[in-house]
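Please open the model in your viewer and keep the selection tool to hand. We will go from one stop to the next, looking around at each.

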Amino acid sequence: MHAFAAMLAACALLFGAPPLRAQEQQPVPKLAARVTDLTSTLSDEQRASLEAKLADFEHRKGAQIAALIVPSVKPESIDEYAVRVMEAWKLGRKDVNDGVLLVVAKEDRKLRIEVGYGLEGVLSDAVSKRIVSDVIAPRFKEDDFFAGIDAGADAIIGLVSGEALPETVQNDEDAQSMMLFVFVPMFLVLSLAGAFLLRDRFGRMPSASINAAATGAISGIFLLAAGIAWVALPVAAAAFAMTWWVAGPRSRRQRSSWLPGGAVEPDDDWSSRRSRSGSSDSSSSSSDSDFSGGGGSSGGGGASGDW
């Protein structure tokens, strides 16, 4: 008897009762205005101002924009809830699908811009993300919800009307931080490697000058994109100083310790190297013929280019 009752209860739960998740879903409010605030966050004047702006845009362009502020969308995600609201409200013109919904879940600290099919070319995922993160969210962080929704509505209206979003200061700051704390140290490390390569080929001053010029030019190209090309000057100065130190007299004395017979390496002065290269000394000719590979191998990497 107990088994039969349990089976009946299971059948009722499976076929007759609604799913648990459907019971837990937040209800979709009735669409009665372009701005629906279930949290009393906006004042009557603020709500009226937004209503007038969105109504004027709809009359001019035909596209519909609506804003909804709810306490929470849990247990759903903000994406799932926004889709349900969009389907229930049917924003935008039929066969044009030019509706836009801004949902704010205040307690969840979540927001979403849901876009109709007809406006996905203008309000792409990337563009909508910029509006959320760069336009609306910063104002929400200051607890100015009206300013955030109002600025978000202006951005959406501007894009649908054919205007472009302005460049964001935050993105510029991120690029500058990346350059300063990642690429500048990398340029300095490469410059130090260049100093060791140049010190045995040129004199002290030519090596430092060449390394500074190359490092400054290359870093300047990258830093120009972030708007901080001036940083290339101290980078070049640091490259000059490092090469000057690496190619200094102390470095030559250290290298002489491992020369055959303890011989002292000749002076690396540029003019003296030129005079030695122009001479017909037989010892120089013999030294050239003794060059051989060090036993290294290629890893298969590389690149080709043109100009």
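This is a predicted model: local features need pLDDT of at least 70, side-chain atom pairs count only at pLDDT 80 or more; totals for chains, interfaces and linings use all residues.

Setting aside residues up to four places away in sequence, Ser72 touches Gln26, Ala105, Glu107 and Asp108. You will find Ser72 in the loop that links β2 and α4. Is Ser72 buried or exposed? Its relative accessible area is 13%, and because buried means under 20%, Ser72 counts as buried.

Next, select residues 99–105, which form strand β3. How many of the residues of β3 are buried? The count is 7 of 7, so the strand is mostly covered.

To see one of the pairs, pick Ala67, whose bridge partner in β3 is Leu102. Then trace the chain from β2 through helix α4 (residues 78–89) to β3: this β-α-β crossover is right-handed.

On to strand β4, residues 110–115. Here the pairing with β3 is antiparallel, over 6 bridges. Click on Val100 to find Val115 of β4 opposite, then on Leu101, which stands opposite Glu114. β3 and β4 form a hairpin with 4 residues between them. In that turn, look for Arg109, which has a positive phi of about 60 degrees.

Leaving out neighbours within four places in sequence, Ile113 is in contact with Val100, Leu101, Leu102, Ser128, Ile131, Val132, Ile136 and Ile156. Ile113 is also among the residues with the most contacts inside the largest nonpolar core, together with Leu123, Ile131, Ile136 and Ile156. That core has 32 residues. At least two residues each come from α3 (44–61), β2, β3, β4, α5 (125–141) and α6 (145–160). Which helix gives the most to this core? It is α6, with 10 residues. Another core, of 14 residues, lies apart from this one; Ala66, Tyr81, Leu101 and Val103 are among its members.

For the last stop, select α6 itself. Of its 16 residues, 14 are buried, so the helix is largely enclosed by the rest of the structure. You can check its length with the distance tool: at 1.5 Å a residue, α6 should span 22 Å, and its end C-alpha atoms are 23 Å apart, which agrees. Finally, step just past α6 to Gly162, which takes a positive phi of about 105 degrees.

Notes: Residues are numbered from 1 along each chain as its sequence is written. Side-chain values use heavy atoms; hydrogens and water are left out. Buried means under 20% relative accessible area, exposed over 50%, partly exposed in between (1.4 Å probe, protein chains only). Two strands pair if DSSP finds at least two bridges between them. A crossover is right-handed if, with the strands pointing away from the viewer, the path from the first strand over the helix to the second runs clockwise. Contact means heavy atoms within 4.5 Å. A nonpolar core is a set of buried Ala, Val, Leu, Ile, Met, Phe, Trp, Tyr and Cys residues joined through side-chain atoms within 4.5 Å. The expected span of a helix is 1.5 Å times one less than its number of residues.
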